[in-house]
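Reader: I would like to learn how to read a few surface features in a structure. Please take them one at a time.

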Amino acid sequence: MPSMLGKVIALAILAVVVFFAARSVYRSHKKGGGCNGDCGHCGGCH
């Protein structure tokens, strides 16, 4: 059973990391950040 507990903990940590990454992307997009398709504006594509 200890290996099962380790898997559950690893999945929980992964879920938290994915949640915070998605939240960061969402907040950045909501503030007008992120890619809007105009590469001349942000220069992030090159």
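**Reading the surface and the rings**

Author: F20 counts as partly exposed, at 42% relative accessibility; buried means under 20% relative accessible area, exposed over 50%, and partly exposed in between (1.4 Å probe, protein chains only). This is a predicted model, in which local features need pLDDT of at least 70 and side-chain atom pairs count only at pLDDT 80 or more, while totals for chains, interfaces and linings use all residues. Residues are numbered from 1 along each chain as its sequence is written, and side-chain values use heavy atoms, with hydrogens and water left out.

Reader: How many aromatic pairs does a search of the whole structure find?

Author: A pair of aromatic rings is described by the distance of the centres and the angle of the planes. Rings of Phe, Tyr and Trp (its six-membered ring) pair if their centres lie within 6.5 Å; planes under 30 degrees apart count as stacked, over 60 as edge-to-face and the rest as tilted. The search finds one pair. F19 and F20 form this edge-to-face pair, with 5.3 Å centre to centre and 70° between the planes.

Reader: What share of the 46 residues in the protein chain is buried?

Author: Buried residues make up 0% of the chain. V17 is exposed, with a relative accessible area of 51%, and K31 is exposed as well, at 77%.

Reader: Where is K31 found?

Author: K31 lies in the loop between α1 (2–30) and α2 (39–42). Helices (H or I, at least four residues) and strands (E, at least two) are DSSP runs, numbered from the N terminus. The protein chain has two helices and zero strands, and V17 sits in helix α1.
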